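The sequence and model come first.

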Amino acid sequence: MRRQSRRSFMEQLGLLTGTGAIASMAGCMGGSGSENDGTTESDDSDTDTTESGGGGQSQSLIIGSVFPSGHVINEMAKEWASSVEEETEGRVAITIEESFGGEKEVMEQTQIGSIDGTIIGTRWVIDYDPKNFWVESPFVFEGWEQQRRAFQTEFFDDGRQRLREQGKQMLVNEPVYRGYRHTTGNKAFETPEDIQGINLRVPDLTPWVNIWSGIGASPTTVAFDELYSALQQGVVDAQENPAETVRSASLYEVQDYYTLTKHLASTGWFTLGTQALSNISDEDQTTMVDSLTSSIQELSSSIAESESQAIEALKEEGMNIVEPDRDAWLEAAKEPLQTQFEENWEPSLEEVRNI
């Protein structure tokens, strides 16, 4: 039974890259040694090696989150930390901190061992697997379950490996579902023809700009903290974000329509530093990841339920909720997506759509 649990742990971290991987990783992830990727081993991780009452060594881990205090992902993470400490009888104590900066900063601090892991968006794809950034781009998928399956495919084996070897951290291979991104405006966008020439605010991501431009919009990059005023003053005409973001930022005050384009589901991710893990027993590692995976799945279901409540709240605030011709949107995005895949991404759009 223990062997099956250990294999499950390795599979969740996306480390099975070939025959004998379990045996080779057991040696470098066990409590008696540490992983060495050809660099000098560092002793600067924040770990406490005081003997615990459970007979092993007590490890104190700090996980840096990019989400603000009180965010549902952080609250879930804190509950997970408490359960891990209880289940490991105090051998693993985890603290969730929100004060280490953005995604780039927390990943870099995990890389050098200043902190022991991250709670981030999809920065890891941008930095370590850019040829697969299709997984976080508009109109690629028919729905969330397809996008979720895509993250589990072998397409991301190399990226996960680079994250482990270069970034010194391992991905917990289950994303948090953070809700669909939809489109707001002062008119309905029932079909792609309705957004032709519309000055649409998008994040500063070149693939997103290219895709929306190919559909016919006029995408503009504006910092999020300037978005409300940009919409209010007519600098941009429309924007796209999950319902909860639209609600919390009060964008319903300056936008009349919320068109459910469902062009992308936002995700959240946990990484765990390899140096920190090397000081934790195989059994406690398995406890950590199994319980975190379960917590992520429960949170994702909860967010999906609250998503419909957020949309209803926007309706109560006076927004018109629009159900568009989504097939028409997917078809309109096909040509710019084909260009992106051919010029910048792997594999092909057809392969991805068949996942």
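A contact here means heavy atoms within 4.5 Å. By that rule, and leaving out residues up to four places away in sequence, W134 touches V140, F141, A150, F155, F156, F341, W345, E346, P347, V352 and I355.

The model is predicted: local features need pLDDT of at least 70, side-chain atom pairs count only at pLDDT 80 or more, and totals for chains, interfaces and linings use all residues. Residues are numbered from 1 along each chain as its sequence is written, and side-chain values use heavy atoms, with hydrogens and water left out.

**Overall fold**

The protein chain has 14 helices and 10 strands. Of the 355 residues, 52% are buried; buried means under 20% relative accessible area, exposed over 50%, and partly exposed in between, with a 1.4 Å probe and protein chains only. Among contacts between residues at least 6 apart in sequence, 72% join residues at least 24 apart.

**Cores**

In soluble globular proteins, nonpolar side chains tend to be buried together. A nonpolar core is taken as a set of buried Ala, Val, Leu, Ile, Met, Phe, Trp, Tyr and Cys residues joined through side-chain atoms within 4.5 Å. The largest one holds 40 residues, and W124, W134, I195 and W212 touch the most other members. Elements that each supply at least two residues of this core include α4 (103–111), α5 (123–128), β6 and α8. Its largest share, five residues, comes from α13. A second, separate core of 31 residues includes L61, I94, V172 and A276.

**Helix α8**

W212 is also one of the buried residues of helix α8 (residues 206–215), together with P207, W208, I211 and I215. They lie on the same side of α8 because they cover an arc of only 125° around the axis, the arc being that of the directions from the helix axis to the C-beta atoms. Their cover includes β5 (176–185), β6 (199–202), β7 (218–221), β8 (238–241), β9 (257–273) and α13 (326–344). G216 follows α8 and has a positive phi, near 130°.

**Cavity and pocket**

Grid points are joined across faces, edges and corners, and a volume is the space filled by probe spheres set on the points.

| Space | Volume | Largest contributor to lining |
|---|---|---|
| Largest cavity | about 50 Å³ | β9, four residues |
| Largest pocket | about 1300 Å³ | α12, six residues |

The cavity lining includes F141, W144, Y180, K262 and R326. Of the 39 residues that line the pocket, F67, R178, R181, T245 and S266 are the closest to its centre.

**Backbone details**

K262 is found in strand β9, with a positive phi near 45°. At a relative accessible area of 30%, K262 is partly exposed. F139 lies in the loop between α5 and α6; its phi is also positive, near 65°, and at 0% relative accessibility F139 counts as buried. A cis peptide bond joins E346 and P347, with omega about -5°. P347 lies in the loop between α13 and α14.

Note on methods
On a 1 Å grid over the protein atoms alone, a cavity is a set of points where a 1.4 Å probe fits but cannot get out, and a pocket is an open set with protein on both sides within 12 Å along at least five of seven lines; lining residues have an atom within 4 Å of a point.
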